Amino acid sequence: MEFIEVNNCYKIYKNGVTALADASLKVNKGEFVFLIGSTASGKSTLLKLLYREEKPNKGEVYVGGVNVSKLRDGKVYKFRRKIGIVFQDFKLLPKLTVYENVAYPLESYGMKSSEIKGSVLKALERVGLKDKYRSFPHELSGGEQQRVCIARAIVNEPKLILCDEPTGNLDPETSKEIMDVLESINKDLGATIIMATHDKEIVNRMKKRVITIKDGVVVRDKKKGSYDNETIKNSKA
Amino acid sequence: MRLLRIVKRSIRDSFKSIFRNFSLSFASVSCTVITLILVALSIVASYNVTNMTDKIEKELTVIAFVESDATKEEINSIRKDIENIDNIDKKNIVFRSKDEIKKNIGAENAELKSIMDTWDEGENPLQNTFVLRVLDIKKIKETAASLKNIKKVTLVKYGETMVERMINVFDLIKKVAIVLVVALILVTAFLITNTIKITIFSRRNEINIMRLVGTSNSVIRMPFLFEGFLLGIIGSIIPVCLTIFGYTYFYESMGGVIFSNLVELVEPSKIVYITSLIILVIGSVVGMFGSGQAVRKYLKV
C-alpha cells in the first residue's frame, strides 16, 4: 500500500454540490505533489478528506496505513498530530505570540516544556523567524504569518504536510520564499507535501509532480509536470 | 505528569486569555457584577423580611385564664395538661398569679393601684393566668381550642382575627421573597451564561484552529472552563465586598433598626458571610457552566 491512497472517493455536500466524483490518487512517501484545478474543482475538498475535516460519501482514504474515512470523531485529534496543515488564511491564534502559536500543538499534547522549547526554536529557525518569536500575528506581514503557520505545521515533525493554497494571499516574491521553505522541508526532513494551488508560475518553476482535478475527477497526473491551462480550461467548458 | 502539565498550562492560558481578551473579559465581568449585586440585595432583603416576621410571630402570646377558685393542685395539673399540648413552647410556660398581676398593674399605674389597694385579701377579682407561646403559629387556632378544653380554663385569648390575618400576610411575604430570590438567581444565571457565550462565540475560530492542529476536545475545553470560573470569581468580588462592608455600614448607620425599634435588622455577621458564599458559588459555577456550554457548541469534530 502506498503512503497515501484515495480510492474512488465521492463527496456530495449537503447543499447538493458534488465536489468529488470518483477521485483516486496515490502518493509515495517523500513526494512533493501539486494539486491544481480551477476554483470549485474539488482540490480543497480532496485535502479536507486527507485531514479528515470531511468524510467521503463513498470510497476510502488511507494516510500512512490509517483508514481516515473510517476514523471515529473522537480519534481525529490523534490522527491530526501526525500531519501538518498550512492554510491560505494562516489560521494563527490571534492572541498568542509567534512562539506560543508554534508551541501550542505540543503544549496541548502535554509535552515537557524543555522539549517544546527546542522543537519550537528549531522550527522557527527553519522558516527564518527566530528573531520574531515574541511578536503577535497582527504585527507580522503576510509572508511572515505564513512562515509561522509552516513552523507550526512542522514543529511536530510530521511525515505529511498538507498545504491549501499557502501562497494564495501573498505576492510573487513572498510566494517564492515560502516555496523555498517548503521545498527545503521536503528535501531535508523527507516530509511528503501535497499542495493545492492555482499559482501557475510556482508550478511551472518547481517541476514537481502535478495532479490536475476537474469537476471532482483526477484528469491528469504527470511527473515533473507543468500548469496545463488547456486541461483546466476544458474542464470549465 | 502529562495531565498535570496540561492542567497547569490550561490555568496559565486562562489567565493569559483573560488579559489578552481584555474587552471581552470586561464585558462578562461587568454583567456578572451588576446581576450579582441584585442577587445579593435580594438575599439580604429576604433574610431581613423573614427575620422580622419570625420575630413578630415569636412574640405572640396566648393567654389562658384559670378559674379564680382553682387550688394549687389544680393549677399544677393544668400546667401538666398544657405541657401535653404539642404546639406549646415548653420552655416558655409562665404562670402569673392574680397577686402578681395586681402588683404589676399597680407598678404601672398609680391610680389603678389606689383602687386595687382597697381590695381585701381574697377579694382580688383578677384571674390567675398562664402566658404561653406556640411553636407553630399556623396552628394557633387549634392550640387555643385544646387549651380551652382543659378543666378550669375559662378563657383563651390570642388576638384572634388580627393574628390570623397577619399570619396570612406574613406567609405571602415570605413566599414572595423566596420566589423573587430564586427568579433573580435564574435570570442572573441566564444573563451570565449568555454573555460568556457571546464572548466565546467571537472566539469560535480559535477553537476551530485548535482542533485542526490536533488538540483533543477536553484539552481545548479546559482553559475555557477555568476562564469562565475565574471571570465568575472576579465578577463576584465587588458584590461580595458590597454585601459585607455595605450591609455592615448600613446596619451601623441605622443603629440596627428601620424607622423604629419595631423592625430590627439582622446582625451583619449572621448573614453577610453566607450571602457572600452564595454569590461566589453562583458566580463561579455559572461562569464555568456557561463557558463549557458555549465551547461544547463549537467542538463538533
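1. In this predicted model, strand β3 of chain A, spanning residues 32–36, has five of its five residues buried, so the strand is largely enclosed by the rest of the structure. With buried taken as under 20% relative accessible area, the burial applies to both faces of the strand: A:F32, A:F34 and A:I36 point one way from β3(A), while A:V33 and A:L35 point the other way, and all are buried.

2. The pairing of β3(A) can be followed strand by strand. Five bridges join β3(A) to strand β8 of chain A, residues 192–197, and the two run parallel; within this pairing, A:F32 stands opposite A:I193 of β8(A). Strand β9 of chain A, residues 209–214, is joined to β3(A) by four bridges, again in a parallel arrangement, and here A:F34 stands opposite A:V210 of β9(A).

3. Chain A also contains an open sheet of four strands, in the order β2-β1-β4-β5, whose pairing is antiparallel.

4. Turning to chain B, the domain assignment divides the chain into domain 1, made up of 2–57 + 166–297, and domain 2, covering 61–157. The C-alpha centres of domain 1 and domain 2 of chain B lie 52 Å apart.

5. Two packed helices are described by the angle between their axes and the distance between the axes. For helix α8 (residues 204–212) and helix α9 (residues 217–254) of chain B, the angle is about 145° and the axes are 9 Å apart, and the crossing of α8(B) and α9(B) is right-handed. The contact is made by B:I207, B:M210 and B:R211 on the side of α8(B), and by B:N217, B:I220 and B:F224 on the side of α9(B). Sorted by class, the contact of α8(B) with α9(B) comprises four nonpolar residues, one polar residue and one charged residue.

6. Which residues of α8(B) are buried? They are B:E206, B:I207, B:I209, B:M210, B:R211 and B:L212. Just after α8(B), the backbone at B:G214 takes a positive phi of about 90°.

7. A further open sheet of four strands is found in chain B, where the order is β2-β3-β1-β4 and the pairing is antiparallel. Its edge strands are β2 (94–96) and β4 (153–157) of chain B, each of which pairs on one side only. Neighbouring strands of this sheet are turned by 20° against each other on average, with direction ignored.

8. Within that sheet, strand β1 (residues 62–66) and strand β3 (residues 128–132) of chain B pair in the antiparallel sense over five bridges, and the bridge partner of B:F65 in β3(B) is B:T129. Helix α6 of chain B, residues 140–148, packs on the sheet and touches β1, β3 and β4 of chain B, and the direction of α6(B) makes about 165° with that of β4(B).

Key: Residues numbered from 1 in each chain as written. Chains lettered and ligands numbered in written order. Predicted model: local features only at pLDDT ≥ 70, side-chain atom pairs only at ≥ 80, totals over all residues. Heavy atoms only, no water. Buried < 20%, exposed > 50% of the residue type's maximum accessible area, 1.4 Å probe, protein only. Pairing = 2+ DSSP bridges. Axes fitted to C-alpha atoms, helices over the stretch in contact; angles between N-to-C directions. Left-handed = near helix turned anticlockwise from the far one by under 90°. Contact = heavy atoms within 4.5 Å. Nonpolar A, V, L, I, M, F, W, Y, C, P; charged D, E, K, R; others polar. Domains from an automatic or database assignment.
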